[in-house]
Amino acid sequence: MIHICFPLYDPDGTYSKMDGTAICSVLEHTSENVIIHLLCDDTLTPENRFKFEKLVKKYEAKIEFHKVEVDAKFADQPILQIITIGTLQRLYIPQLIDSDKVIYFDADLIINLDVKTLWDIDLADHAIAACHDDALFEGWRKYEYIENHFFNREKYFNGGVLVMNLKKIREEYSLLEQVSDFFQNYKECEYADQDAMNYIFSDRVMILPQKFNLFVSGRRRTQDAELKEAIYHYSGEDGKPRFMKRDIYDELFFKYLDKTPWSTDEDRANFYEKKLDNKDMEIFLLQSSLKKIFSGRKFFWGTSGLIHFAVMEFFGANKDIDIYIDNNSALWGKEKDGIQICSPEYIQTQKKDEFSIIITSMRYNTIKKQLISMGYQENIDFFDGRKFIKEKEGGYVQWLV
């Protein structure tokens, strides 16, 4: 029996379709006996529960629903200002699933291979097996905690696909307590429990071939137009899945969505409607952001780097009223391009409605958390400079939605 676990935190109904499509892709590719474990909470509706049961019955597989109540000790963690509490569901796998081993899959995957090839990997003495986070490993997404060697780039793994040695984890680790301690001690880490697991299992991780966790964003970036026997991960740079590019990766996703109980005309219409609503919101935010930014002073956070010059060229600066902000204390009081460089504390001495903060650094998520802790709001007080520049200049990959 192959044990496979998926998370489900679904306040708006989108992720049931995602999980269902991923589960379908698993069951389409294997003749082995499979049991699906669905981690869920009260956001799983009775209607969607019935659809999951109907889906696995079609393939003569089994499904178990595990209700997860995230411990209150996580409720005040600073990281929850950035992520949803559903991200933490996988931490409960060792105590919920009665098996010595399990495969964990994120919802935003398509498994385009026989999952038995992953299940049959011998973990030996390793606690966990996973793939590199290829965006960070290949360097097209920067992360301070890798650049400063807090994490070993050669061992840092993505948490979207995991083979977990549950027997060893239960015997040798106190996973929930260790993750909670990590959050308290390393508040600046950006990738929540993925960072925590990298820290905890740093010496007990087996790095798998990358085919078991290929980021679609990377394949689109390199214009890879040939599908492989692989697991495709649809997470975007902001952590949200991206579709409607109308390419081979979209076709792959919709191929399996069409085989699920969520493939009705009404479901498909709702899916597209939400995606289009998201696009409309992106356009509205860009328009309102530009209106706000150009109505007052501009504080540019970051003085150098890959995207700095492109963002500065787009916005321009008034040397008499605009400033640079930087966390590097050695730069405070100096000038760059005739513009004063100030500390982050300077911002709080200024009248809030008279300026906008534009982040010109690749370390957006780190600075975002810093600004939120200072009382500033994203897309109201501070803005991601990468949203305003072209992809070739270091901006985000331009998906349609």
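**Figure 1. Strand 6 and its two partner strands in the predicted model.** In this predicted model, strand 6 (residues 128–132) is mostly covered, with five of its five residues buried. Strand 6 pairs with strand 7 (residues 157–165) in the antiparallel sense, over four bridges. Its pairing with strand 8 (residues 205–207) is parallel and runs over three bridges. Ala 129 takes part in both pairings: its bridge partner in strand 7 is Val 163, and in strand 8 Ala 129 stands opposite Met 206. Strands of a sheet pair through backbone hydrogen bonds, in either the parallel or the antiparallel sense.

**Figure 2. Burial of strand 4.** Strand 4 (residues 101–105) is largely enclosed by the rest of the structure, because five of its five residues are buried. In a regular strand the side chains alternate between the two faces of the sheet. Both faces of strand 4 are covered. One side carries Lys 101, Ile 103 and Phe 105, the other Val 102 and Tyr 104, and all of these residues are buried.

**Figure 3. Pairing of strand 4 with strands 1 and 7.** Strand 1 (residues 2–7) runs parallel to strand 4, and two bridges join them. In this pairing Ile 4 stands opposite Ile 103 of strand 4. With strand 7, strand 4 pairs in the antiparallel sense over five bridges. The bridge partner of Tyr 104 in strand 7 is Leu 162. Strand 7 also pairs with strand 6, again in the antiparallel sense.

Figure 4. Tyr 324 has Ile 341 of strand 14 as its bridge partner.

**Figure 5. Helix 13 and the residue that follows.** Helix 13 spans residues 308–315, and its buried residues are His 308, Ala 310, Val 311, Met 312 and Phe 315. In an α-helix there are 3.6 residues a turn, so residues three or four places apart point the same way. Just after helix 13, Gly 316 adopts a positive phi of about 70°.

**Figure 6. The whole chain, as context for the close-up views.** The secondary structure of the chain comes to 15 helices and 16 strands. The radius of gyration is 22 Å, close to the 21 Å that the globule rule gives for 401 residues, so the chain is as compact as a globular protein of that length. Along its principal axes the C-alpha trace spans about 70 × 50 × 40 Å. Of the 401 residues, 54% are buried. Among contacts with a separation of 6 or more, 72% are between residues 24 or more positions apart. The accessible surface of the chain comes to about 18300 Å², and carbon and sulfur atoms account for 47% of this area. The chain has 52 positive and 67 negative side chains, and the centres of the two sets lie 3 Å apart.

Notes:
Residues are numbered from 1 along each chain as its sequence is written. This is a predicted model: local features need pLDDT of at least 70, side-chain atom pairs count only at pLDDT 80 or more; totals for chains, interfaces and linings use all residues. Side-chain values use heavy atoms; hydrogens and water are left out. The radius of gyration is taken over C-alpha atoms; the globule rule is 2.2 Å times the number of residues to the power 0.38. Buried means under 20% relative accessible area, exposed over 50%, partly exposed in between (1.4 Å probe, protein chains only). Contact means heavy atoms within 4.5 Å. Accessible areas come from the Shrake-Rupley method with a 1.4 Å probe; for residues, only the protein chains shown count as cover. Lys and Arg count as positive and Asp and Glu as negative; His and the chain ends are not counted. The place of a charge is taken as NZ of Lys, CZ of Arg, CG of Asp or CD of Glu. Two strands pair if DSSP finds at least two bridges between them.
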